[in-house]
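The sequence and structure come first.

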Amino acid sequence: MLSNRRISSCVVALLTVSAILASLPLMENRKGRVGFGRGGVVARYGGRFQAGIGSLTRPRIQLSTRSRRFQNLRAFSSEGSGSGSESGLGSGSESGSGSGSGSESEEDGPEESLPDLLKQLMKKAADGKLPGDTQITFMDADKFAHLQDLKRKRQKKEEAVEKEKEGRTSETLERIKNFDYRPKEIRDYLDRYVIKQSDAKKVLSIAICDHYNHVRRILEDPSSARRDYTKPNVLLLGPTGVGKTYLMRNIAEFIGVPFVKADATKFSETGIVGRDAEDLVRDLVDKAQGDKQLAEIGIIYIDEVDKIANPSTNEVRTTSGSGFNTRGVQNNLLKLMEDTEVSIQNPMAPQSLKSLLDQGGKDDKTVRTKNILFIFSGAFNGLNEKLKKKESGSEESGLFPMWNEDVGGKEPRWDYRESSDDRDKRSYLGKATTKDFIDAGMEPEFIGRVPVRCALEALTADDLLHIMTTSEGSVLRQLEEDFRGYGIVMNTTQDALREIAIRSEDERTGARGIVTVLEGILREFKFELPSLPIKNFTVDNATVVDPMKKLQGIISSVNQSEVRVQDLLSFAENFGRQHDPLQIEFSHDAIVYLTDLCVEEDWQMRSYCRHVFKGLAETLRTIYGETGQDFFVITKEMAMNPQDEMARWISLLEQSFETEKVDLRIY
């Protein structure tokens with residue numbers, strides 16, 4: 001007695017088969033080819049016929065056929081009696097390897113019509129030997145084999161990528177297991193990239209060594225992870241451009257752990273509008289290329305944390321760039337700093353909701369944040385102003401005469417006190433207490449879990465000069481590389497560097513001020529010089545003061561016509577290399593015409609030629625194919641009306657098929 005489910009399955013399958021059979025054209029009886037289904041269940045026919053029976057959630061039978069009849073059907077299934085067992089489909093069956101490799105059978109047995117074969121399949125479905133929701137589809141055998149080949153290649157590629165990823169992960173973990181750096185070694189590394197800020201380097205070096213020594217102990221002895229551990233989360237204080245982000249980026253690169261940088265103003269309490277704080281952990285997993293264990297020992301750096309301060313009074317001026325509930329954002333970050341688990345998938349994403357429903361509401365893909373180190377930074381300008389007023393009071397500044405008692409009190413001795421300008425540049429954040437941060441709007445629980453705090457000083461002109469001349473990441477070195485890419489050497493005098501440093505300090509943006517000043521000085525140089533035959537130039541103090549005057553002097557010393565001629569010859573040479581064996585040469589009249597035109601209009605010769613001679617290569621290749629001619633002279637007529645002249649050449653070719661060679665050289 002068939003169950004209702006099996007009867008329904010048979011009815012659906014028979015209706016499907018009937019529809020397919022009705023659409024099949026009547027074809028001559030011949031052998032087909034072999035195809036395979038996914039999942040390891042393969043039915044093989046004698047001769048060149050095969051079918052694949054998939055074992056997915058919705059398995060299917062794939063019949064690859066070019067004929068209405070089959071021979072010697074044999075099926076090998078990974079289900080039922082065991083892997084490789086015959087399913088007994090068809091008549092006249094013979095023993096087979098059951099490997100499902102697609103090899104052809106050498107013997108031909110009695111033929112069997114497609115309807116008879118499908119009836120046997122339906123009978124097997126009714127007997128419960130095939131899944132009740134089996135679907136039957138028809139596919140061209142060649143296409144089926146091609147798809148299987150693509151699948152195998154994709155699997156091999158994925159396996160290679162996964163193997164490479166595992167290799168990188170194991171290498172990083174092995175490096176952490178062997179972590180033996182000392183604080184001074186990390187400081188020495190930072191000295192190569194960041195100028196000054198000795199206190200910040202010291203604080204970060206100690207925090208990094210303490211934390212990753214703890215991580216090393218956990219990797220060596222997992223049982224030690226159960227002990228209480230207070231992370232040395234760090235808060236870096238200071239104005240913009242003093243090296244806060246640069247310090248952390250170089251530390252993460254030196255240690256070799258995943259590193260994520262984010263702006264605190266981009267987060268909201270719920271994550272519906274804006275980002276959720278937990279997204280930081282997911283970003284860390286992405287940086288670790290999906291490796292949870294590596295992500296759990298990474299570093300998260302959050303800048304502009306002062307923008308999420310929520311002061312209870314108006315004594316400290318703070319602004320929230322996000323416009324969201326900043327207290328809620330602080331609480332969310334607080335949860336991350338504690339020992340919590342974060343789902344790798346964003347629960348708000350539709351695909352994540354579906355995955356959770358499939359798993360019964362349980363998510364086993366989580367990342368634990370216990371050993372993730374958090375670094376925060378912020379300018380806290382309002383707090384700095386408050387501390388400055390508290391420190392200075394009503395004290396006057398400047399030079400004050402005091403009588404020198406050693407000479408009878410008759411000669412004045414000048415005593416220097418800090419000027420108001422110098423006092424404005426100083427940072428007072430190093431004197432901030434926990435209460436000051438709470439008054440500035442930071443939650444007590446939040447600031448309490450960031451026990452390590454350090455203030456960075458503003459950079460002076462001397463510091464900025466030092467950055468330009470000694471730092472490995474100096475923007476001046478980058479500009480020199482930019483010009484070197486055009487074959488131009490840029491030299492800079494010491495006087496010019498000093499003037500640049502002074503102007504950069506006046507920008508009040510730290511090291512970023514160097515970029516602003518240099519870009520303003522060299523913008524026109526970077527635009528004009530690559531098009532001139534200039535091999536080197538010098539930036540002196542006069543260049544810094546009046547860059548356009550210096551540039552005009554360089555431009556006026558160059559013969560513009562000669563530059564255009566050289567560019568034209570370069571265009572002809574590049575054309576020959578790109579379209580070998582075709583070669584072109586410009587006549588004297590053409591050179592004069594194109595040079596005068598480009599100088600008058602201030603056009604670049606190479607870009608103009610690429611535009612007006614569009615289609616020249618195709619025209620010349622057509623002529624070459626018909627006549628064998630590979631050398632052509634570009635005349636003035638061609639330069640003036642290239643499209644009309646190319647059409648005339650093609651017309652000349654069509655009229656000259658009787659000749660052995662068409663001479664298109666026109667002088």
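## Surface and overall make-up

The protein chain has an accessible surface of about 36100 Å², and carbon and sulfur atoms hold 48% of that area. The model is a predicted one. Of its 667 residues, 43% count as buried.

The protein chain contains 26 helices and 21 strands. Among contacts in the protein chain with a separation of 6 or more, 70% are between residues 24 or more positions apart.

## Nonpolar cores

The largest nonpolar core is made up of 109 residues. Within this core, L333, F376, L529 and F537 have the most contacts. Helix 5 (residues 198-220) supplies the largest share of the core, with eight residues. A separate core of 28 residues lies apart from it, and L568, L594, V612 and F613 are among its members.

What does F376 touch, leaving out residues up to four places away in sequence? The list consists of V234, L235, L236, Y301, I302, V305, L333, M337, F446 and V450. One of these, L333, is itself named with F376 for having the most contacts inside the largest core.

## Aromatic pairs

The count of aromatic pairs comes to 18. A pair of aromatic rings is described by the distance of the centres and the angle of the planes.

How are the rings of Y181 and F254 arranged: stacked, edge-to-face or tilted? Their centres are 4.6 Å apart and their planes stand at 45°. Stacked requires planes under 30 degrees apart and edge-to-face over 60, with the rest counted as tilted, so this pair is tilted. The pair links distant parts of the chain: Y181 sits in the loop between helix 3 (141-177) and helix 4 (183-191), while F254 belongs to helix 6 (residues 244-255), 73 residues apart. Y181 is partly exposed, at a relative accessible area of 28%.

Y193 and Y246 form an edge-to-face pair, at 6.4 Å centre to centre and 85° between the planes. This pair also links distant parts of the chain, with Y193 in the loop between helix 4 and helix 5 and Y246 in helix 6, 53 residues apart. Buried means under 20% relative accessible area; Y193 has 15% and therefore counts as buried. Y246, at 32%, counts as partly exposed.

## Ring cluster

Ring pairs join F179, Y181, Y189, Y193, Y212, Y246 and F254 into a cluster.

How values were computed: Residues numbered from 1 in each chain as written. Predicted model: local features only at pLDDT ≥ 70, side-chain atom pairs only at ≥ 80, totals over all residues. Heavy atoms only, no water. Core = buried A, V, L, I, M, F, W, Y, C linked by side-chain atoms within 4.5 Å. Buried < 20%, exposed > 50% of the residue type's maximum accessible area, 1.4 Å probe, protein only. Helix = DSSP H or I, 4+ residues; strand = E, 2+ residues; numbered from the N terminus. Contact = heavy atoms within 4.5 Å. Phe/Tyr/Trp six-rings, centres within 6.5 Å; stacked < 30°, edge-to-face > 60°. Areas by Shrake-Rupley, 256 points an atom, 1.4 Å probe, with all protein chains shown as cover.
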